[in-house]
Amino acid sequence: MTNLLKDLANGLDQMILQPVAHRHDQFIWVEGDKPWIQAFIPNAKQGETLDISQHSLFLSDFLVEAKMLWSAEGNGIIKSGLWTEVTESGYSLNLEAIAIVQNSQPLLVIVNKSDEFAYRQRTLQSARELMLANDKLLEQHDYLHNRLLTILKSPKVFSDGVGSLAVAIEHAGFAVMILDQQLQLVTENPAVAELFEYNIQQQRSVPTPRETLLNLMRTQLPEYERIFSTGSSWSGEVCWMHPPHTLKWFKLAIYPVTHESTQARNWVFFINDITHIKYLLQRNEQLTFQDPLTHLPNRHAFWQTLQQRIDKQEPFYLLYVDINHFKRINEFYNHAEGDKLLVELAGRLHRSLKKKDFIARVGGDEFAIILAGVDCEQDCKKITSRLLNVAEQRFYTESGEHYQVGLCIGATSFPHDAQKVEELMKFADLSAYNGRKHKTSSVQFYSQKLKEASRQRIEMEGALVKAISNDEFELLLQPILNLQSGKIFKAEALIRWNHPEKGLIMPADFIPVAEQSGLIAPIGRWVFERSCHMLKILQQAGFQIKIAVNLSPLQVIDKTFFDFVRTCLEQTQVDPAYLTLEITEGVLVNDYRQIHHLLLRIRDMGISISVDDFGTGYSSLAYLKKLPLDFLKIDRSFVQDIVTDDNDKAIVSAIIAMAHKLNLGVIAEGVETHEQRDFLTLNSCNSAQGYLFSRPIKLDALLTLLADN
């Protein structure tokens, strides 16, 4: 038995000591003869009594707890945890002490953990390297995505076949697959066949890489239906078990692309093999279930925990949290600042929850939260309100700049809404997605009404795609009059949708869907192009009036928009001095730097700029002073009651006075009565539009009105 104990001690790299009876500062070295022991306790000999506390301050502190264990009744064990000891020769040892009492027999075991410590450090270093590699991967994705976006939007793609696409993706450092609207293959690079071990000559009977990937997504992603039905981008991981023995993990990024020429949608898939990363993480239990950036539990840990909570059959709420416009922050400040935001936000959210709650990072900018024991929507609202408050506090960059973010939170209840993991995640994800129609933070609870609204929105999106192809839109013009002269000097272009079955659909009913789906880009370009043609007709008829075109927030961040405007002006040969672009007030704040650059370029072309719906947004004088603007449009909500409401009178008068101080023209919207017109004229408002003067009318009607005017 003694030889067995000796072999065991050496095999486990341990030093075993036995306390001397009633003298717990003294120990007898029982077993273990590795060289590190002599380095730790110089001149020690087996079988002799040692005072080991004098060799280590850390061990001396641990012995206080050990003595209490040895003096107590019964069996027990305590561990010191890992500590580093530097020997007299300067060699570092990573040790752990274990105090044991078994059948009244006390023992002290000192274990050499240096090899394990070095392995952990290598693993953690690898995890840090993986994070850096992931940042590089994201940059590669963004670069290639933007390049493909430019190619896919070009009409030449369809005349040249897929040649341009093939060249763009052939030498990418990862697999790239492009599908059409029906999820059929358009083109892929050679890395796809290599990744999926696919040989078309030898394996005609096996699924293609496209079929394999879509099947993996269908079975593993609760977001699958939502991604393709709503045209959303997505990134995450899928696992492929390839018979008979291959197991691969893929990092997958999906981007939707809308073709301007044919209005058909394409899907770009970026696929990276991260099997070696998963293998590395699985060798460290902590990293297997932990997100290396935020140190929160990861998606795998969350799904496991969610199933455990369901098995307990105790009520809870599941929250799916998405950061508004996170990609924009990454693009504007860089990926390092984006990572910093994720880490800080994760900390804020975590500190706002109870200990029994559970939070995990389940996607690039997505978190999931289990609110334990919450069975009431009102209680859930209190918690989500707290989460929104901490998230909306300022974030600071390394250079001292600050910004704010909003959250879209989708909430679903167990067991009321669903009883399965997949359904709960699917419903929470759908709820969060539905909340994105709000410009700021939002909380959306799952309901059958929400599900029906989502179905209707998806149907409308499909109808919008057809409307673009079938030219179902119509552009009307609403005259804007100079209040002093009574003459029409401008008209605002207003879109209408003539649905073949439902009839006339107003912008308020379809523009939000177009903005969520990305279809606002081709619609907005159609409006601008059509406005230029109308302006050309007006000028040829001898009427030198301006046309104002509304600009969507998504057009502001579209890097190709300026080039489109310039090309359109060249093709139509209209004078840009007779065009005005209208932007909403919120865009000035949300995208200040980008819009400042865009507006400067637009103004240099000769196009004037107007701020639409002024007074309903942020009303920041700083932005009005810094940006190159020409007009403010007072929102109709203030004009409606200016005759009877003293507050509205004061607000409108103040806006007019402020605008004139800034050398800006003022246009009042929604003027319907002579009293409203008289008040605006008396307070020096420059111009107005509304039903008092004219409803939105067709171009022919405007030509007649101009002739009479």
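This text walks through three places in a predicted model: strand β8 at A175, helix α8, and helix α15 at T384. Residues are numbered from 1 along each chain as its sequence is written. Because the model is predicted, local features need pLDDT of at least 70 and side-chain atom pairs count only at pLDDT 80 or more, while totals for chains, interfaces and linings use all residues, and side-chain values use heavy atoms, with hydrogens and water left out.

A175 lies in strand β8, residues 175-179, where a strand is a DSSP run of E of at least two residues and a helix a run of H or I of at least four, both numbered from the N terminus. With a relative accessible area of 2%, A175 is buried (buried is under 20%, exposed over 50%, partly exposed in between, with a 1.4 Å probe and protein chains only). Leaving aside neighbours within four places in sequence, A175 is in contact (heavy atoms within 4.5 Å) with N189, A191, V192, L195, F269, F270 and I271. Of these, F270 is 95 residues away in sequence, yet its C-alpha is 5.9 Å from that of A175.

Helix α8, residues 209-220, has 12 residues and spans 16 Å from first C-alpha to last, close to the 16 Å expected at 1.5 Å a residue, that expectation being 1.5 Å times one less than the number of residues. Its buried residues are P209, R210, T212, L213, L214, L216 and M217.

T384 sits in helix α15, residues 377-391, and counts as buried because its relative accessibility is 2%. Its side chain reaches the backbone oxygen of K381 at 2.9 Å, and, not counting residues up to four places away in sequence, T384 touches L319, I409 and V443.

Notes
Polar contact = N/O pair within 3.5 Å; in protein donor to acceptor, adjacent residues only side chain to side chain.
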